[in-house]
Amino acid sequence: LGARAHDFAIEWVACCDSTNARLVDAPPTDDGRVHVLVADRQTAGRGRRGRQWLSWEGASLTFSLLWRFAPGTPAPAGLSLAAGLALARALEQLGVEGVQLKWPNDVLVHGDKLAGILVELLPMRGRPPAAVIGIGLNLRLPADAAIPDQAAVADLGGALGGEPPSRPALLAAILGEFHRLFETYAVAGFPALRGAWEQRNAFADLPVAIRGESTTLCGTCAGVDDDGALLLRTGDGVQRVLAGDVSLRPL
Ligand code: ATP
C-alpha cells in the first residue's frame, strides 16, 4: 500500500471537541511522521454516523492518529478492523484476558464494550490518501456513567482487576502495536491480518442481526473477507456486508 511513516509525533492537549475532528479538519503539515493527538477531555467525541463517544477526564484514554499513504495508493480496506486488532494486541500484552473484536470497530472484553474505534478518510483534495484513526478506551467508568444504546460496557480497571496503567504508558503500548501493524498492513494489507482478526471475532458462527437504516438482515456470522466486509450466512447463501452504515447486534 506504500505507507511510509513509522515515527510518531505526539501532541497532548487538555481539551478539544474531538481528536478525530481536529485531525480531519486541520491535518498537521506532512513531515513524514504519524501525528498523534491525545486529549485529556473531549467535549464532542464522535462515533460512526453522528453517534457520540462519551469519555470522562482521567477515566478514559482518547486519541487519534493520522496515517498518510504514498501518492497513488487506493483507499485502504479493512483499516478499522486492523486498528481494532492492534488495540486488542496491546491490551493482551498488558494482561487483559477475554479480549474480542466486534465487527467492524469495537473492542470487547468478555462481551462488554471496552473501546471504540473510528476511522475517517481525509478528503483527498489533490493530496495522497490519509486516514484518521480515533480510539476511545474506558479506563475507569464513573459509577453514574449513562451510555446510550449499550447495555454492556467495560473498563480497563475492571478487566485487569486493579488500577489501569497510566495513560502515557498505555499510549506507548498501543502505539507500539500500531507501529507493528503499519509495517504489516503497509506491505500486505488486511489479508495478512485477517486470520488474527478472526481468531478474536466475538461472534464467530453465532446468530447476529445486521441493522441498517431501514432494513435488518439476520444470519450467522461467517467471518470477514479480505476487504474487511462481514460474511453473513443466511438461508440464501453467504452475503458480504459492508461496514458503511450498519451495526451488528447479537440475536
Ligand atoms: P455499537 O454497534 O456497539 O452500537 P457502533 O460501532 O455502531 O456501536 P460507534 O460509532 O462505534 O457505534 O460507537 C458509538 C456508540 O458507542 C454510541 O452510540 C454508544 O452506544 C456507545 N458508546 C459511547 N461511548 C461509549 C463508551 N465510553 N464506552 C462504551 N460504549 C460507548
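Predicted model: local features only at pLDDT ≥ 70, side-chain atom pairs only at ≥ 80, totals over all residues.
Which residue in E3 is the bridge partner of alanine 39? The partner is threonine 62.

## Confidence of the model

The protein chain has a mean pLDDT of 92, and 97% of its residues reach 70 or more. Residues 1-5 have a pLDDT below 50.

An open sheet is built from seven strands with mixed pairing. Their order across the sheet is E1-E2-E3-E7-E6-E5-E4. Strand E1 (8-16) and strand E4 (99-102) are the edge strands, each pairing on one side only. From one strand to the next, the twist averages 20 degrees.

Strands of a sheet pair through backbone hydrogen bonds, in either a parallel or an antiparallel manner. Strand E2 (residues 34-42) and strand E3 (residues 60-68) run antiparallel and are joined by five bridges. The pair of alanine 39 and threonine 62, raised at the outset, links a residue to its bridge partner in E3.

## Helices across the sheet

Two helices are considered here. Helix H2 (residues 79-93) lies across E3, E4, strand E5 (106-109), strand E6 (112-121) and strand E7 (130-138). The direction of helix H2 is at about 140 degrees to E6.

Helix H4 (residues 167-188) lies across E1, E2, E3 and E7. Relative to E3, helix H4 runs at about 30 degrees.

## Aromatic cluster

A pair of aromatic rings is described by the distance of the centres and the angle of the planes. The structure holds four aromatic pairs. In one of them, the ring centres of tryptophan 67 and phenylalanine 69 are 4.7 Å apart and the planes are at 45 degrees, so the pair is tilted. An angle under 30 degrees would count as stacked and one over 60 as edge-to-face.

Tryptophan 67 counts as buried because its relative accessibility is 0%, the limit for this class being under 20%. Phenylalanine 69 is likewise buried, with a relative accessible area of 1%. Ring pairs join Trp67 and Phe69 with Phe178, Phe182 and Tyr185 in a cluster.

## Domains

The domain assignment of the protein chain gives domain 1 (8-199) and domain 2 (207-250). Taken over C-alpha atoms, the centres of domain 1 and domain 2 are separated by 23 Å. Domain 1 contributes 16 residues to the contact, and domain 2 contributes 21 residues.

Notes:
Residues numbered from 1 in each chain as written. Heavy atoms only, no water. Phe/Tyr/Trp six-rings, centres within 6.5 Å; stacked < 30°, edge-to-face > 60°. Buried < 20%, exposed > 50% of the residue type's maximum accessible area, 1.4 Å probe, protein only. pLDDT = per-residue confidence, 0-100. Contact = heavy atoms within 4.5 Å. Pairing = 2+ DSSP bridges. Helix = DSSP H or I, 4+ residues; strand = E, 2+ residues; numbered from the N terminus. Axes fitted to C-alpha atoms, helices over the stretch in contact; angles between N-to-C directions. Domains from an automatic or database assignment.
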